[in-house]
Amino acid sequence: MFGIGTSELLLILVVALIVLGPKNLPKIAQSLGKAMGQFQKASRDFQRTINTEIALEEEAEKKKEQENKNIEKDKA
């Protein structure tokens, strides 16, 4: 996870607990969790869109090649 080991993650949590306090930490963690979920959803949607566009482009390219082959056959 982001190249962070267990000891580094524990240190970050302890520092966050000291800086933010025990009352605010759960609220901030919940907000951070929701933001990460939204980011992951947006990332998946973006990847899906890119994959769809690539597939459509490849399909159009194949169709164009097939049309070119048919034109060459008709000329011969």
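Modeller: Let's settle a few words before we start: for relative accessible area, taken with a 1.4 Å probe and protein chains only, buried means under 20%, exposed over 50%, and partly exposed in between. This is a predicted model, where local features need pLDDT of at least 70 and side-chain atom pairs count only at pLDDT 80 or more, while totals for chains, interfaces and linings use all residues. Residues are numbered from 1 along each chain as its sequence is written, and side-chain values use heavy atoms, with hydrogens and water left out.

Colleague: Thanks! Why is K41 called partly exposed?

Modeller: K41 has 48% relative accessibility, so it falls into the partly exposed class. D45, at 31%, is partly exposed as well.

Colleague: What makes D45 and K41 a salt bridge?

Modeller: The rule asks for a side-chain nitrogen of Lys or Arg within 4 Å of a carboxyl oxygen of Asp or Glu. The closest N and O atoms of D45 and K41 are 3.6 Å apart, and the pair therefore passes. As background, side chains of opposite charge can pair when their charged atoms come close.

Colleague: And where do D45 and K41 sit relative to each other?

Modeller: Both are in helix α1, 4 residues apart, which means about one helical turn separates them. Helices here are DSSP runs (H or I, at least four residues; strands are E, at least two), numbered from the N terminus.

Colleague: What makes L11 exposed?

Modeller: L11 has a relative accessible area of 55%, so it is exposed. L11 lies in helix α1, residues 6–75. It also belongs to a nonpolar surface patch with L10, V14, V15, I18, V19, L20 and I28, about 750 Å² of accessible area together.

Colleague: Why is that called a patch?

Modeller: Patches are made of residues with over 30% relative accessible area and no salt bridge; nonpolar side chains (Val, Leu, Ile, Met, Phe, Trp, Tyr) are joined within 5 Å and like charges within 9 Å. The areas come from the Shrake-Rupley method with a 1.4 Å probe, and for residues only the protein chains shown count as cover.

Colleague: Which residues form the negative surface patch?

Modeller: E53, E57, E58, E61 and E65. E53 is in helix α1 and, with a relative accessible area of 48%, is partly exposed.

Terms used:
Lys, Arg positive; Asp, Glu negative; His and termini not counted. Charge placed at Lys NZ, Arg CZ, Asp CG, Glu CD.
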